Each structure stands twice: as C-alpha cells, then as structure tokens.
Amino acid sequence: MTGLVWLCRRETLRVSKLWTQTVLAPVISSILFILVFGLSLGGRIKQVSSVDYEVFIVPGLITMGMVQAAYANNASSIFQARFDRYIHDVLSAPLRPWQVALGFTVGGVFRALAIGGSLLVLSVVFVGVPVERPFALLAAVALGLVLFSALGVVVGIYAETWDHTTFIANIVILPLAFVGGVFYSVDVLPAPWHELSHFNPVFYLVNAVRFGFLGESDVSIWLSLGVVAALAAPVYAWSQWLFTTGRRLKD
C-alpha cells in the first residue's frame, strides 16, 4: 500500500502546490456566477419551486465547478505524465493497476472537494443555502466525482495534444452542464426541450446534488443516483483496464 499512498500524495500535492490556479480561480469564477446571476436574475425570477432563485442555482454551480475540476485535473495530470515520460516510473513501481487508477482518481476528487467545500462555505455565508439531505448529497458527489475523474484519466490517456483534453471540457462537459438545469428547472421548458433534457447525463447529477441541498429536484433521487452510478462504473472500469493493459501508456 506504500506505493498507493505515495501516488495519492503526489497527486494531491500537485493540487495544493498550485492552489491559486487549481482551487482559488475556479472558486472565484463560481462565486461570481452565484452573485451576478443571483443579483441580476433574482430580481426578475423571485423563486423556483418555492426556493429563492439565488439559492436554487447554488447546487448546479457547485456541481459544475466540481466536475470540471475533477475532469481537468486528471486529464492534465495523466497527459503530462505521458508527455514527460514519467508515467513509466509509475507503471514500473510495485503497484497494481487498480491502485494506479485509484491514485490518479484521488487527485481529481481532492481538487473537486476543495473547490466544492469552499463554495459551500461561501454560499452559506452569502445566500444561506441549506443542506437538507446530507447523505444523498454525499452519494451524489461521490458518484459524480468518480465519473468525471475517471473520464479525465481516460481522455488524458487517449489525447494526442493538450487541445484534445480541453476540447472535451469546453465542447462536451461545459455545454452539458449549462443545459443540465443549472440555472433553471426543466419543468418550465416546452416540448421537445423538456424531453431532450432527460437524455443529458449531467442533468441527473445536477438534480441529485440539488436534492441533497434543497430536498427537491426535477426527477427522483433514486433515478438520478442510478443514472450517475450506471455511467461511473463503466468509465472507472475503463480507466483501470487501460492501466491493466498498458494501452497507449507504454508506447
């Protein structure tokens, strides 16, 4: 287990050493979203489902900040490891494939939790957001971070350039987050947009986190957790399989 502890420490140290970039910058961006959208639209949209608008958007914005951080951290970490060739040191260490996959995943989870925890504290101070269902919140966050951390590992392994890692973040994850009900309830959308929203996987994660905070969501919490778990399990298995086979890692 010494090797696993070493890898986890390396990945978390990578985050903490550059905390102004890895944690502070995303926290500032997200809190500005909360303040700007809460103040600007809060005057027009008083409440959504009996919840003040500035409170309603907090769970979605925290989710968006965390999943982007989990993905970006691991995609850049594993790509840099391949680019600088020190991934071979990790692969040659006395580590099992599951330990390597877990070690890299921990880095993304650590960064995302640092951002999410900071945003939670600031949100309580600024808008008084509650945490109605803490266990549901913990389950949603755990599944979501495993999913996007593992996705970052997979993309980082397959990426040929830095642009490939940012392409997924900017063209796939960010748009899905924005149309996943971060700023609105999908119940207000007309057909066919209401129905199409249910094909967006980030929609279920946002609603699971929102249920943890507010005790309500657009869909069942069990359906939301089930969808996220059904995605997280194969993506994490894929990342571990890549370390098991050494595909694209030993080139």
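## Close-up views of a predicted model

**View 1. The largest cavity has a volume of about 60 Å³.** The model shown here and in the views below is predicted. The structure holds one cavity of 30 Å³ or more. Its lining is made up of I62, T63, M66, V67, A140, V141, G144, L145, L205 and V209. Helix 3, helix 6 and helix 9 are the elements that give two or more residues to this lining. By class, eight of the lining residues of the largest cavity are nonpolar, two are polar and none is charged. Rolling a probe the size of a water molecule over the atoms shows where empty space is left.

**View 2. The largest pocket has a volume of about 350 Å³.** How many residues line the largest pocket, and which of them lie nearest its centre? The lining has 21 residues, and P26, Q68, A69, A72 and R111 are those nearest the centre. Four helices each supply at least two residues of this lining: helix 2 (19-42), helix 3 (53-83), helix 5 (97-127) and helix 7 (162-178). Helix 3 gives the most, with nine residues. The lining of the largest pocket divides into twelve nonpolar, eight polar and one charged residues.

**View 3. Helix 5 crosses helix 6 (residues 134-158) at roughly 125 degrees.** The axes of helix 5 and helix 6 come within 9 Å. Is the crossing of helix 5 and helix 6 left-handed or right-handed? Helix 5 passes helix 6 in a right-handed crossing. On the side of helix 5, the contact is made by F104, T105, G108, V109, A112 and L113. On the side of helix 6, V141, L145, S149 and V153 make the contact. Seven residues of the contact between helix 5 and helix 6 are nonpolar and three are polar, with no charged residues.

**View 4. Helix 9 (residues 201-214) packs against helix 10 (residues 221-245) at an angle of about 130 degrees.** The axes of helix 9 and helix 10 lie 8 Å apart. Helix 9 and helix 10 are therefore oblique to each other. The crossing of helix 9 past helix 10 is left-handed. Helix 9 makes the contact with P201, Y204, L205, N207, A208 and F211. Helix 10 makes the contact with I221, L223, S224, L225, V227, V228 and L231. Eleven residues of the contact of helix 9 with helix 10 are nonpolar, two are polar and none is charged.

**View 5. Helix 6 and helix 10 pack at an angle of about 30 degrees.** How far apart are the axes of helix 6 and helix 10? The axes of helix 6 and helix 10 are 8 Å apart. Helix 6 passes helix 10 in a left-handed crossing. The contact of helix 6 with helix 10 has 24 nonpolar residues, two polar residues and no charged residues.

**View 6. R85 lies in the loop between helix 3 and helix 4 (87-92).** What is the phi of R85? R85 has a positive phi of about 70 degrees, although R85 is not a glycine.

Terms used
Residues are numbered from 1 along each chain as its sequence is written. This is a predicted model: local features need pLDDT of at least 70, side-chain atom pairs count only at pLDDT 80 or more; totals for chains, interfaces and linings use all residues. Side-chain values use heavy atoms; hydrogens and water are left out. Axes are lines fitted to C-alpha atoms, for helices over the stretch in contact, and angles run from 0 to 180 degrees between N-to-C directions. Angles under 35 degrees count as roughly parallel, over 145 as roughly antiparallel, 65 to 115 as roughly perpendicular and the rest as oblique. A crossing is left-handed if the near helix is turned anticlockwise from the far one by less than a right angle, and right-handed if clockwise. Contact means heavy atoms within 4.5 Å. Ala, Val, Leu, Ile, Met, Phe, Trp, Tyr, Cys and Pro count as nonpolar, Asp, Glu, Lys and Arg as charged, and the others, Gly among them, as polar. On a 1 Å grid over the protein atoms alone, a cavity is a set of points where a 1.4 Å probe fits but cannot get out, and a pocket is an open set with protein on both sides within 12 Å along at least five of seven lines; lining residues have an atom within 4 Å of a point. Grid points are joined across faces, edges and corners, and a volume is the space filled by probe spheres set on the points.
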